Amino acid sequence: MHYITLDTNTWIYLANGTEPVKLLNFINKEVNKGNITVLLPKTVVDEWENHKDKTVRQGSIKHFNDIKIALDKILKLLGDKAEKNIFSFLLDEKDEKDEKDEKDEKNYFKDFIENFNKRKQEVENAVSDNIKLIDDLFKNKAVIIDIKDEIYKKSGQYALDKKAPFKLKNSFADALILFSFLDYVKVNSIQGSIFISYNTDDFCEKKNGKKLLHSDLTKEFNQAKSKFYKIVGEAINTIEKDIVSKEELLLIEELQNESNWSDGIEFCEICKENNDRINAVYFNEIELIDKRKPIIVNNPNQTELEFSKDLPKSKTIGQQMLIEAGNCDWCNSEHFKCVECNCTNAVWEGGFNKLKECEGCGLEYLVSRKYDKDGMEEIEYTIPKSTETCEKCGNEFDKDEMIENLCVDCENEYSYG
């Protein structure tokens, strides 16, 4: 009999395909055969119920959408008639391809993207099936471990002593999961049990370039005669040899490394407020329009017809910039870093499509959210032009055209009659 415990994030990664789904099916099959017992701390059950829908479903669809956006960009680079050379900005000479080759390349990507888009429903169905399987496993087949009072006390003491898993952040829920598992296997004299967690920030430390179980926890695992793994496939390979290939393990570890050990890691404000959890937010650079810095461009809608001669021949747009925006790896909530003061701001669910002040410097942002016909979420960032309303005439003016609460004209009229 093999006894295994997975923390909440690890179940989520099995459900959304970060780890091969064959591992989830293998665990379920071996549980049904009586070869594996899943030990399930009550904290994992509670966290799974709270986050299975939003975190698993949104996370997997967001990953799908990110890939689709990248593919669409490639398609645009190729041009509608395959007239563009995608390397033209990089290479001095045009790539030596004939027109037929370019059209074949265009059609290849177009067909590939169309086939990729058709699989979105398959992805959603697969995620739903995985959630149902895990629900059934939790409710009908796992051994639930209640959290004893002494486990709360022990976790609190580790927090006071700033031992792992409290090195980087407040990880009380993670401590409850780990210590309740270790206590259960010791009390029941279970040897060779397995604990699996992707949470290497809390449970591991770097030694010789590798992430290993933290020295603060090594004694605890030795006393419980248990083993720690940071990848499900690596752990299951000890039960069923080579169920996951070395190549797959390397790929999973690469994905894990991209999500952990980041310099200047930021934490989710929304998780902290709502669930007393501190989870990481990872950022990418996206486009921002700063309307405080106007740029005049030719109006592409301007015509040369007689009736349109009085229409403006140019229009004003904002300066294009980059802003760091990202999502919590737990609740998927939106965050961004202010371009002026670098303060991290969370966008709460009711904060989209309205002005939001930076919590650091007060700069106003408009974070717009909309959905396309396929249900894909699109987020746009804008810094609106800074204006104030004149209290006398009621018109809007740039703030630098105001004197206290009056526009320049009204102020002159007030001052000089």
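How many bridges join strand β1 (residues 2–6) to strand β2 (residues 36–41), and in which sense do the two strands run? Three bridges join them, and the strands run parallel. The model is predicted: local features need pLDDT of at least 70, side-chain atom pairs count only at pLDDT 80 or more, and totals for chains, interfaces and linings use all residues. Residues are numbered from 1 along each chain as its sequence is written, and side-chain values use heavy atoms, with hydrogens and water left out.

**Overall composition**

- The protein has 13 helices and 19 strands; helices (H or I, at least four residues) and strands (E, at least two) are DSSP runs, numbered from the N terminus.
- Of the 417 residues in the protein, 42% are buried (buried means under 20% relative accessible area, exposed over 50%, partly exposed in between, with a 1.4 Å probe and protein chains only).
- Among contacts (heavy atoms within 4.5 Å) between residues at least 6 apart in sequence, 61% join residues at least 24 apart.

- Two strands pair if DSSP finds at least two bridges between them.
- In β2, I4 has V38 as its bridge partner.
- β1 is also joined by three bridges to strand β4 (residues 193–196), and these strands run parallel.
- The bridge partner of I4 in β4 is I194.

- Helix α1 (residues 8–16) is mostly covered, with eight of its nine residues buried.
- The buried residues of α1 are T8, N9, T10, W11, I12, Y13, L14 and A15.
- G17 follows α1 and has a positive phi, near 90°.
- The axes of α1 and helix α5 (residues 120–141) come within 8 Å and cross at roughly 140°; axes are lines fitted to C-alpha atoms, for helices over the stretch in contact, and angles run from 0 to 180 degrees between N-to-C directions.
- α1 and α5 are therefore oblique to each other (angles under 35 degrees count as roughly parallel, over 145 as roughly antiparallel, 65 to 115 as roughly perpendicular and the rest as oblique).
- W11, L14 and A15 of α1 make the contact with V127, N130, I134, L137 and F138 of α5.
- By class, this contact of α1 with α5 has seven nonpolar, one polar and no charged residues (Ala, Val, Leu, Ile, Met, Phe, Trp, Tyr, Cys and Pro count as nonpolar, Asp, Glu, Lys and Arg as charged, and the others, Gly among them, as polar).

**Helices α6 and α7**

- Helix α6 (residues 149–160) and helix α7 (residues 172–187) have axes that come within 9 Å and cross at roughly 125°.
- α6 and α7 are therefore oblique to each other.
- In α6, I151, Y152, K154, S155, G156 and Y158 meet F172, A175, L176, F179, S180 and D183 in α7.
- The contact of α6 with α7 has, by class, seven nonpolar, three polar and two charged residues.

- β11 pairs with strand β12 (residues 344–347) in the antiparallel sense over four bridges.
- H335 has A346 as its bridge partner in β12.
- Six residues lie between the strands of this hairpin, in which N342 takes a positive phi near 70°.
- G362 lies in the loop between β13 (355–357) and β14 (364–371).
- G362 is partly exposed, with a relative accessible area of 32%.
- G362 and E340 are 22 residues apart in sequence and 9.7 Å apart in space, C-alpha to C-alpha.
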